[in-house]
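These are my notebook entries on a structure that I looked up. I set down each point in the order in which I checked it.

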Protein chains: 2
Amino acid sequence: MERDVILNECFARDGLQNESDLVDTASKVALIDSFTDLGFQRIEATSYANPERVPQFADASAVLAGMRRGQGVLYKASCGNVRAVERANADFDRGAGPNEISLLASASEGHSKKNLNATKAEQWERISEMIAVAAGRYNLVGSLSVAFACPFDGPVSPDIVAQDCARFADLGVSTISLGDTIGAATPDRICDMFESLATAHPKLTFVAHFHDTRGLGLANCLAAYQAGCRYFDTAFGGAGGHPARIKYGNGYTGNVATEDLVNMFEAMGIRTGIDLGGLIDTARRCEAAIGRELLGKVTRTGLSPFLGALQ
Amino acid sequence: MERDVILNECFARDGLQNESDLVDTASKVALIDSFTDLGFQRIEATSYANPERVPQFADASAVLAGMRRGQGVLYKASCGNVRAVERANADFDRGAGPNEISLLASASEGHSKKNLNATKAEQWERISEMIAVAAGRYNLVGSLSVAFACPFDGPVSPDIVAQDCARFADLGVSTISLGDTIGAATPDRICDMFESLATAHPKLTFVAHFHDTRGLGLANCLAAYQAGCRYFDTAFGGAGGHPARIKYGNGYTGNVATEDLVNMFEAMGIRTGIDLGGLIDTARRCEAAIGRELLGKVTRTGLSPFLGALQ
């Protein structure tokens with residue numbers, strides 16, 4: 001199917017990470033299968049986080065073993081350290097692993113220390129080691145948190161982000177996700193950053209990973225698109241997102257809601273490759289898995305009338 | 001105070017219109033006074049709707065008599081018919097009326113019949129009569145509903161909207177609010193429409209009146225701004241909006257939330273003239289007046305960290 005943008009569906013990992021109620025393995029597998037069926041080419045499937053610290057992902061290997069795999073689809077697992085990569089390798093080597101892993105870094109020292117328990121220098125050492133252990137098995141995604149502002153250190157200089165991207169590139173990581181972790185970015189800043197990074201690193205792929213903390217999720221995704229970005233991280237219902245668990249309405253904000261971004265892009269004639277006929281039903285099934293109404297707007301209001309007119 | 005955009009705070013009318021619980025007059029007056037103090041230059045104060053049909057606005061004259069008036073501030077009252085304009089005139093002529101009134105039209109025949117109980121031709125006759133009765137007392141705002149799509153007739157041709165704007169201009173109405181009543185518009189359509197209307201009618205002032213039904217409120221306002229629009233209708237908490245009362249989360253969607261639009265603009269360096277120090281507190285007082293949490297995001301999460309850095 002022709003598509004203009006590539007969405008990475010993050011519900012099964014990022015979306016569930018902060019949920020204290022465990023979602024059973026069969027439900028996770030069924031949801032990931034439905035994401036595959038809807039046409040996603042990138043799906044964040046699980047995390048090799050320490051099961052004692054994040055019990056939600058104790059079933060990482062079982063999820064990866066149980067789910068169907070679409071041709072050419074990347075199924076990502078988050079890896080926080082070398083131990084996680086070793087677990088991914090064991091699954092991979094028996095034919096049931098992820099084919100993409102993410103490597104986490106923070107643009108600010110404050111967030112690196114609080115979130116990764118490491119200075120930035122220490123974390124770059126870890127990432128080097130993780131890449132060595134991965135030994136070419138996976139597509140590697142550099143995931144850079146607080147790329148616009150940090151909850152501890154405040155606004156982050158775009159020069160720092162550019163340096164961190166160069167560091168990832170030096171390590172052979174060609175896909176880099178730019179995280180607006182606390183939803184601080186604005187369309188102008190995003191446009192500037194994506195344009196300057198694309199100029200400095202024409203061979204790298206940059207991914208927009210934005211949070212809707214202040215309602216700017218869609219506006220920021222559109223700004224990134226206008227600046228040439230074609231890769232977007234989203235989660236059905238806007239689930240997941242900021243680790244500080246900011247409560248908003250009856251959910252947590254939050255990733256950009258997949259259904260709302262698909263609706264915006266498709267209504268503008270920007271092809272996502274996602275099956276619109278199954279979009280809302282899948283959003284509802286994600287809500288059912290978590291057990292509450294989430295934040296996707298078109299799940300309540302329906303898709304754009306322009307989509308009906310265009311179809 | 002220097003400002004780049006003019007926001008019209010619609011909470012006291014559009015925001016309350018669909019609320020079945022009546023807000024007492026003193027609370028309305030206190031809120032409108034706080035809007036004046038925050039620096040709004042346009043405030044939608046009340047409606048001269050038939051009190052038997054819309055009891056919320058039975059106190060229209062008392063609200064207008066009770067509130068303070070800022071220098072140069074436009075206080076709008078909605079007028080649905082000639083009787084409403086006559087009531088506005090009586091208040092005006094005793095020195096306690098609005099200084100701006102809105103004249104409602106629909107871009108589609110279907111919405112005109114359902115919402116105004118008149119064909120478009122009949123409504124234009126009414127508007128002519130209302131303007132004659134107003135006799136130059138007020139700044140007149142043509143308020144065009146379903147300017148992008150209609151819940152009954154589907155997508156609306158921009159040519160129809162252009163004709164309706166020309167009709168308003170012929171009647172001497174120089175300010176026209178373009179309503180995305182069902183939240184169907186997308187940034188590309190908004191950009192096209194505002195640019196082409198500004199070219200066709202360089203002396204008219206166009207106002208963006210967008211609903212956040214599908215999460216596109218901020219993105220659409222930004223698109224309008226980029227197309228040259230400087231006037232925006234918003235309501236604290238995203239209150240009010242679509243008359244079909246689409247339920248969304250724990251509120252109704254909804255006008256663009258004032259606090260979120262102010263946050264976006266100011267974080268981008270676009271000056272709104274609104275006092276940021278009192279913004280969130282006012283949003284909370286609007287929530288208290290309605291008696292529930294509304295949909296403004298920065299009311300929960302705080303203003304952009306870039307605003308702290310810039311101040």
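**Entry 1: a strand of chain B**

How many of the seven residues of strand 4 (residues 100-106) of chain B are buried? I found that seven of the seven are buried, so strand 4 of chain B is largely enclosed by the rest of the structure. I call a residue buried if 20 or more other C-beta atoms lie within 10 Å of its own, exposed if 12 or fewer do, and partly exposed in between, with C-beta atoms placed from the backbone. Helices (H or I, at least four residues) and strands (E, at least two) are DSSP runs, numbered from the N terminus.

I noted that this is a predicted model, in which local features need pLDDT of at least 70 and side-chain atom pairs count only at pLDDT 80 or more, while totals for chains, interfaces and linings use all residues. Residues are numbered from 1 along each chain as its sequence is written, and chains are lettered from A and ligands numbered from 1 in the order in which they are written.

I then looked at the two faces of the strand. In a regular strand the side chains alternate between the two faces of the sheet. In strand 4 of chain B, E100(B), S102(B), L104(B) and S106(B) lie on one side, I101(B), L103(B) and A105(B) lie on the other, and all are buried.

**Entry 2: the strands that pair with it**

I looked up the pairing next; two strands pair if DSSP finds at least two bridges between them. Strand 3 (residues 74-79) of chain B runs parallel to strand 4 of chain B and is joined to it by four bridges. Within strand 4 of chain B, I101(B) is the residue opposite A77(B). Strand 5 of chain B is also parallel to strand 4 of chain B, with seven bridges between them. A105(B) has L144(B) of strand 5 of chain B as its bridge partner.

I also recorded a right-handed β-α-β unit, made by strand 3, helix 4 (residues 82-93) and strand 4 of chain B. A crossover is right-handed if, with the strands pointing away from the viewer, the path from the first strand over the helix to the second runs clockwise.

Most residues other than glycine have a negative phi. I listed two residues with a positive value.

- V146(B) is not a glycine, yet its phi is about 45°. I located V146(B) in the loop between strand 5 (139-145) and strand 6 (149-150) of chain B. V146(B) counts as buried because it has 28 C-beta neighbours inside 10 Å.
- N117(A) has a phi near 55°. I located N117(A) in the loop between helix 5 (109-116) and helix 6 (120-134) of chain A. N117(A) counts as exposed because it has 11 C-beta neighbours inside 10 Å.

**Entry 3: chain A as a whole**

I counted 13 helices and 12 strands in chain A. Its C-alpha trace spans about 50 × 45 × 35 Å along the principal axes. A compact globule of 311 residues would have a radius of gyration near 19 Å, and the 18 Å of chain A agrees with this. The radius is taken over C-alpha atoms, and the globule rule is 2.2 Å times the number of residues to the power 0.38. Buried residues make up 55% of the 311 residues in chain A.

For confidence, I noted that chain A averages a pLDDT of 94, with 95% of the residues scoring at least 70. The pLDDT is the predictor's confidence in each residue, from 0 to 100. The predictor gives the complex an ipTM of 0.95 and a pTM of 0.96.

**Entry 4: where the chains meet**

How many residues does the contact take from chain A and from chain B? I found 34 residues from chain A and 34 residues from chain B. Two residues are in contact if their C-beta atoms, placed from the backbone, lie within 7 Å. On the side of chain A that touches chain B, helix 10 of chain A gives the largest share, four residues.

A219(A) is buried, with 27 other C-beta atoms within 10 Å. Leaving out residues up to four places away in sequence, A219(A) touches P187(A), L218(B), A219(B) and L222(B).
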